[in-house]
Amino acid sequence: MVGLVVIAGVVLVPSLMWDYNTSQSRLPVWWQKSFLPKSALVMGLDLQGGMHLVVSVKTEEAVENELLRMKGELGDYLRKEKIPFTKVILTEDQHLKITFPDRQAMEDGTYYIKRNWRILLPTVAEETLSPEYELAESEINSYRNNAVTQVLQTLTSRIDEFGVTEPSVQRQGRERIVLQLPGIKEDDRERVINIIKRTAKLEFLLVEDMGPSSEAILNRAKYGGNVPLGMRLAPEVDNEGNTVRWYLLKEEPKITGDYLVDARVGFSGDALGGAVVDFQFNLRGAQIFSKITGNNIGENLAIVLEGKVRSAPVIRARIYERGQVEGNFTTDEANDLAIVLRAGALPVSIEIEEERTVGPTLGHDLIAKGRRAVLIGLAVVVVFMLAYYNLAGAIATLSLLVTIIFLMAALAGLHATLTLPGVAGIALTVGMAVDANIIIFERIREELRTGKTPRASVDAGYARSTWTILDANITTLIAAAILFQVGTGPIRGFAVTLILGVASSVFTALVLTRMIYDMILFRNRRIKDLHIGIPVLRSTAKGEKVERA
Amino acid sequence: MEFLKPGIRLDLIGKRIYAVIASVIVFGLSIGSFIWPGPNWGIDFVGGTEIQVRFDKEIKVGELRSEINSLGLGDVQIQRLGDVGEAAQGEPDFLIRVERLEAEEEAEDIPQKRVSSMIEEKLDEIVGDGKYLILQVNYVGPRVGEELKSRGIQAIIYAIIGILIYVAVRFEFRFSLGAVTALTHDAIIAIGVFVAINKEFNLPIIAALLAIIGYSVNDTIVIFDRIRENMRRLKRLPFIEMVNVSVNETLSRTLLTSLTTLLAVVSLYILGGGVIRDFSLIMFVGITIGTYSSIYVASSMVVFWEEFRARRRTTTPPIPKRG
């Protein structure tokens with residue numbers, strides 16, 4: 001038993017030597033190098049302050065993007081095979097529909113697809129000139145899965161770049177990601193959310209035309225009111241969100257931010273000041289970029305970020321590797337943009353489902369209060385136990401302290417998180433640990449009153465109460481286990497504390513206190529007074545049991 | 001020290017009719033309160049944004065509310081919190097809550113999380129940047145809210161089933177009936193009290209409810225254990241008397257345990273802040289009612305079931321005597 005306590009103590013040492021403000025351990029080096037435990041108690045975000053975010057990944061976009069890509073490819077391949085077709089469209093329910101001009105083409109086409117595009121499955125069995133195909137289930141799942149994995153990686157890089165100590169970015173279920181970012185200050189909250197949310201899709205496109213509004217452009221004679229094939233419209237937006245101008249951009253040739261190898265904050269040379277983002281392409285990117293710029297000197301190159309044109313400078317000379325994105329950024333904005341460009345674009349968009357942020361101020365407040373509450377609660381209970389149960393009360397107090405040590409050690413060792421409800425759980429554990437002891441002591445008192453010797457009373461008391469305690473506490477365990485299963489975050493912390501607390505309190509109440517009694521009884525075999533808080537009986541001459549005067 | 005005399009024999013079970021009446025009334029009221037005024041569902045369950053702000057100096061709630069209302073974010077609730085943390089005098093803490101706008105699913109420009117930015121901007125306007133501190137932000141999207149609600153309810157149901165099975169196995173069916181009656185009684189009344197004082201229902205409350213359920217059964221089982229023991233020991237006594245004896249014998253322990261746990265909970269209430277405070281309040285109510293229900297509701301149920309079975313037995317035709 002003593003051994004156990006020592007082990008528990010050792011497990012706790014790292015927690016005591018951990019500076020919660022700087023997240024540094026103050027353990028001496030020799031300790032860190034040994035096999036001895038090094039991890040401190042993990043504080044929940046609601047105690048130490050930080051952000052907890054749950055985002056859902058819009059995997060449908062991934063599937064849609066794939067289908068769009070396939071649409072284009074299918075058309076190309078059919079043409080290469082010289083199979084005539086009228087058109088290929090993507091229907092509303094995510095099917096690819098090809099229209100063939102005649103039966104022969106349809107047969108050639110469907111045969112070709114069946115042989116070379118296994119992942120496309122026909123939706124109807126009958127033959128028709130406009131067969132529809134859907135993507136195989138396994139393919140869809142794999143796209144969705146990949147999308148989530150990619151998002152996971154990108155978000156992790158972005159968070160790393162931002163510089164959070166001990167962040168946690170984990171997948172939750174099929175399409176959700178949970179981010180835990182300790183220590184985020186109140187002011188940084190917005191920035192972090194922006195960094196996480198933006199798709200950061202960067203594209204460089206050649207400008208075909210520009211105008212004050214999209215209608216103004218389209219109404220020009222050569223367009224006749226429609227967006228020409230292979231082009232798209234995009235607005236230029238200023239920092240307030242107002243649309244300044246509209247552009248008609250050529251889809252090809254283009255280069256995207258995927259080819260970036262670096263992005264840094266810089267300062268533009270002009271008088272307005274403001275930060276800019278200097279970027280650099282990798283080798284392949286540089287090749288493409290120099291070709292685009294070299295072939296289009298005198299044209300405007302639009303730098304499009306997340307679908308909006310940031311700037312569209314004129315190409316004065318061939319550019320190889322480096323360039324600049326400007327747009328009246330503040331230093332913070334430029335820095336954040338550089339971060340997301342470095343970490344990479346998100347393949348699909350994400351949506352924030354849940355946010356729980358606790359500022360460090362509140363966090364520290366709550367830790368202090370929680371600690372005080374538990375200590376005083378403990379003190380009150382201890383005082384009461386001593387008064388009511390005397391010596392037995394002292395034994396109970398000892399077992400209570402050991403219970404708490406075990407509980408904290410278990411939390412630290414298991415890397416479980418201590419949350420605010422967890423602190424409440426500790427308080428509840430205190431109450432229930434005492435309960436187990438009370439059951440035993442009341443039983444012992446009963447046995448004493450029937451006239452048994454102290455020794456026999458202790459034996460009987462423990463024997464009779466063991467199952468009572470087990471039955472009672474197991475039901476609490478059931479409730480706590482279910483809570484653990486069903487709960488998230490702080491609730492889970494509460495459940496874990498309760499489970500560990502109940503387990504250790506039952507253990508100490510039944511085993512530890514018994515050992516102590518054994519020790520006492522061993523020393524004085526014929527002890528007359530157990531000092532358990534009730535008057536001692538003594539036999540009179542008549543053989544009755546009477547209270548000692 | 002002893003509070004109760006050892007040989008105590010109060011006629012608790014005999015007087016149970018009063019307790020039953022009282023319980024039924026309070027229970028009925030609690031159920032009624034679900035319909036009106038109905039529980040105050042927190043954002044954990046209905047979605048929305050909650051921001052806890054500390055201002056540098058006093059501000060008028062009315063002003064604050066109308067300013068935030070003007071943002072057109074739908075239902076706005078503003079609550080003044082007691083001194084959370086080490087806020088000095090005149091540094092009030094407020095809780096601003098905005099419920100999710102309906103049918104705003106795909107509105108790109110007012111995604112809910114930007115509600116918090118909009119509110120922050122507004123605060124910059126009213127008091128000035130730097131004159132306030134954001135202590136805490138909670139946002140729950142509609143999907144997550146629904147999930148949390150259903151999971152919360154599931155949790156409670158599973159817990160009750162799990163307990164019912166365990167007690168039925170370890171004791172007898174009628175005991176588990178008594179246990180379940182008692183804990184349902186406790187849970188409903190505890191919720192009723194909360195609705196009555198209009199506290200917000202969030203996840204920690206569900207956790208507290210489960211803790212109460214666990215605790216109440218804990219209590220109840222100790223008494224059942226004694227009844228089980230006395231069933232064998234005191235065969236000669238009529239059932240109802242035997243139950244009464246059992247309850248009396250365990251009275252000391254039952255009251256003491258509740259007392260000590262309440263001591264712990266009360267100190268949590270006084271010294272804890274925010275979430276801990278709400279939590280301990282519901283624990284206090286739950287433990288009190290749990291103790292009461294273990295003594296009366298659970299045992300009464302067992303007695304009632306026994307009498308019910310006994311009555312059924314006597315109405316079956318007697319077996320004709322032999323020879």
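## Chain A: burial and overall make-up

In chain A, 41% of the 549 residues are buried; a residue is buried if 20 or more other C-beta atoms, placed from the backbone, lie within 10 Å of its own, exposed if 12 or fewer do, and partly exposed in between. This is a predicted model, in which local features need pLDDT of at least 70 and side-chain atom pairs count only at pLDDT 80 or more, while totals for chains, interfaces and linings use all residues. Residues are numbered from 1 along each chain as its sequence is written, and chains are lettered from A and ligands numbered from 1 in the order in which they are written.

Chain A holds 14 helices and 22 strands; helices (H or I, at least four residues) and strands (E, at least two) are DSSP runs, numbered from the N terminus. Of the contacts in chain A with a separation of 6 or more, 68% are between residues 24 or more positions apart; two residues are in contact if their C-beta atoms, placed from the backbone, lie within 7 Å. The chain is divided into domain 1 (198-347) and domain 2 (359-539), with bounds that come from an automatic or database domain assignment. The C-alpha centres of these two domains of chain A lie 67 Å apart.

## An open sheet of four strands in chain A

Four strands of chain A form an open sheet in the order β5-β6-β8-β7, with antiparallel pairing; two strands pair if DSSP finds at least two bridges between them. At the edges stand β5 (87-90) and β7 (120-122) of chain A, each with a single partner strand, so one side of each is left without a neighbour in the sheet. Neighbouring strands of this sheet are turned by 30° against each other on average, direction ignored. Strand β6 (residues 96-99) of chain A is joined to strand β8 (residues 132-135) of chain A by two bridges, and L96(A) has Y133(A) as its bridge partner in β8(A).

Helix α4 (residues 59-80) of chain A lies across β5, β6 and β8 of chain A and runs at about 175° to β5(A). Axes are lines fitted to C-alpha atoms, for helices over the stretch in contact, and angles run from 0 to 180 degrees between N-to-C directions. The loop between β5 and β6 of chain A contains Q94(A), which has a positive phi of about 60° although it is not a glycine. Q94(A) is partly exposed, with 14 other C-beta atoms within 10 Å.

β16(A) runs antiparallel to strand β11 (residues 202-211) of chain A, to which five bridges join it; one of the pairs is E203(A) with V304(A). Three bridges join β16(A) to β17(A), also in antiparallel fashion, and the bridge partner of L305(A) in β17(A) is K308(A). The hairpin of β16(A) and β17(A) has two residues between the strands, and E306(A) takes a positive phi near 50° there. E306(A) is not a glycine and is partly exposed, with 16 other C-beta atoms within 10 Å. Most residues other than glycine have a negative phi.

## Two helices side by side in chain A

The axes of helix α11 (residues 360-413) and helix α12 (residues 420-449) of chain A come within 8 Å and cross at roughly 5°. That makes α11(A) roughly parallel to α12(A), a term for angles under 35 degrees. The contact of α11(A) with α12(A) has 19 nonpolar, six polar and no charged residues. Ala, Val, Leu, Ile, Met, Phe, Trp, Tyr, Cys and Pro count as nonpolar, Asp, Glu, Lys and Arg as charged, and the others, Gly among them, as polar.

## Chain B and its interface with chain A

Chain B has nine helices and six strands, and 45% of its 323 residues are buried. Residues 24 or more positions apart account for 79% of the contacts in chain B with a separation of 6 or more.

At the interface, 59 residues of chain B are in contact with 62 residues of chain A. The elements of chain B that give two or more residues to this side are α4 (113-127), β5 (132-140), α5 (142-170), α7 (203-233), α8 (239-271) and α9 (274-315). α7(B) gives the most, with 13 residues. By class, the side of chain B that touches chain A has 34 nonpolar, 17 polar and eight charged residues. Strand pairing also links the chains: five bridges join strand β19 (residues 350-358) of chain A to β5(B), and the two run antiparallel. V140(B) is the bridge partner of E354(A) in β5(B).

Key. Angles under 35 degrees count as roughly parallel, over 145 as roughly antiparallel, 65 to 115 as roughly perpendicular and the rest as oblique.
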